[in-house]
Amino acid sequence: MKTDPRYQSDLDINIPESAPATAFSIKGEALEGKPAYLDMQATTPLDPRVLDAMLPHLLGNYGNPHSRTHQYGWDSESAVEVARKQVGTLIGADAKEITFTSGATESNNMAIKGVARFYKKRKNHIITTQTEHKCVLDSCRVLEQVSQILSAITSGPELKGGRCEPKRPASRFARSEQRVLSKHRDQAEAERRSGAVPPALLVLVLCCSLVRPLCAPLAPLVRSLLCGSSPSVLYLYPQEGFEVTYLPVQQATGLIDLEELAHHLTPKTSLVSVMAVNNEIGTVQPLAQIGALCRANKTFFHTDGAQMLGKLPIDVGDLNIDLMSMSSHKVYGPKGLGALYVRRRPRVRMEAQMSGGGQERGLRSGTLPHPLCVGFGRACEVAGEEMENDKIHVERLANKLRTEIQRRIPDVVINGGAGGVDGVGYIGCLNMSFAYVEGESLLMALKNIAVSSGSACTSASLEPSYVLRALGVGDELAHSSLRFGIGRFTTEEEIDFVVDLLDSHVARLREMSPLWEMVQEGIDLSTIKWSQDAH
Ligand SMILES: Cc1ncc(COP(=O)(O)O)c(C=O)c1O
């Protein structure tokens, strides 16, 4: 099989003559017997040019980049600084504004918790969207949860300007507990002033506040300790609580409503976090308008740019982005590395989430994996050079995939912005539902294709994706949805193979579906009254 000459490896590894004609291949590697890979939002293969750049740093240049006393350290450090510049250049940022992390998950955690906690005395409100990546939503929930649990624990008294004042009715506490709490209020304040706080209780309350599963079993214990001995703990964390607004998205496109964003922005809003390109449906949010709104409101704008980096042009200056999360393995770089862009002017301050040696200007302690930094830097450089070529290549294949599926398979619904509505989506992420097909069976049948489904497997059940739910996609269609991710190394053969396989398996599965049979007989399913089984 011939591969695109653009991706000739610098090492010039040739595909062996013996490679079977049926194998899928990228330059330098024949993927014999492997499924067709259409899951580029999950991860991308390493670009051979990136590997070439990394190899010397995995072998001879093994110095710790933070060693200041010898050549090994200096060499690694200067390689890291070149990489930092390469990452910055791709997004229009200064190298000093790039902090290396372990990936976009860490960057998102760092940005959201770091900014929220730094500015919490003056601002305690965050805005995000319902369709963010889990790591953004969970970071927000952690900040929010502290306040919820504290409300439950404090249940009444709260410290304001050094005095205890009633907060709100303690619905979660029994009357007897409320009486105990109020009895101890004055004593608690005295204890707080004298600093007499048992450390074990502090740890316990903190654990309960941060780790949800621990809360339920430990809550009675905490309550009895609080009521029985030292209620002073009540006053330790009241101002840790944050309010979070989760913006809904428009059903057809997955876009946020800018008027709704403007409506929720208040002087108390420290951070707006809206992802650049959605990882499930490809929707591209209006970053320039969001950035302008945030700037006018003196609110920081963070974007999760993991799925946009290297695929669409980004200039953090033009877009008024103050913080941006990035991931190396989504842009044909190595896994295990990411970065956070943090604006220097006007300066964004943040609380470090990691304690340690103070690397990365104190924002992110830990020895940098310099071969990975080099790989990420080179991946960004290649992405800058190839962006136009990649766009043409991805558009051609994605259009072919979409039109061929729609031409050959009836009753296919496109979810979200990418495939359905022009101009609001990244075309390399195509999310489609195959009506009247049981989702799990479809996935099983497609084991020769690597794609993602619209269901996230939880312990006992297949949950439909929360992103599709936020779009208003019904459970049935969400269960039968697939995400096709097309990228730099996707081949035309893979697209043809996927269309053929889908065509035959969807038809076969529909043959077994009673619903499909009724639709073929012209019955309008919405008119049917389904009777409930009594068992
Ligand atoms: C939009 C988005 N944000 C964050 C992440 C997490 O990235 P990483 O794997 O680098 O932690 C992903 C990847 O799954 C993603 O698609």
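View 1. The model is predicted: local features need pLDDT of at least 70 and side-chain atom pairs count only at pLDDT 80 or more, while totals for chains, interfaces and linings use all residues. Residues are numbered from 1 along each chain as its sequence is written. S16 and S19 (residues 481–485) are antiparallel and share two bridges; strands pair if DSSP finds at least two bridges between them. Strands (E, at least two residues) and helices (H or I, at least four) are DSSP runs numbered from the N terminus.

**View 2. The open sheet of four strands.** Its order is S13-S14-S19-S16, with antiparallel pairing. Strand S13 (412–414) and strand S16 (452–453) form the edges, each pairing on one side only. Helix H11 (residues 370–408) packs on this sheet and touches S13, S14 (429–434) and S19. The direction of H11 makes about 10 degrees with that of S14; axes are lines fitted to C-alpha atoms, for helices over the stretch in contact, and angles run from 0 to 180 degrees between N-to-C directions.

**View 3. Ile314 in its loop.** Ile314 lies between strand S10 (300–304) and strand S11 (323–327). Ile314 counts as buried because it has 22 C-beta neighbours inside 10 Å; the cut-off is 20 or more other C-beta atoms within 10 Å, with C-beta atoms placed from the backbone. Beyond neighbours within four places in sequence, its contacts (C-beta atoms, placed from the backbone, within 7 Å) are Ile91, Gly305, Met308, Leu309 and Leu319.

Conventions. Two residues are in contact if their C-beta atoms, placed from the backbone, lie within 7 Å. A residue is buried if 20 or more other C-beta atoms lie within 10 Å of its own, exposed if 12 or fewer, and partly exposed in between; C-beta atoms are placed from the backbone.
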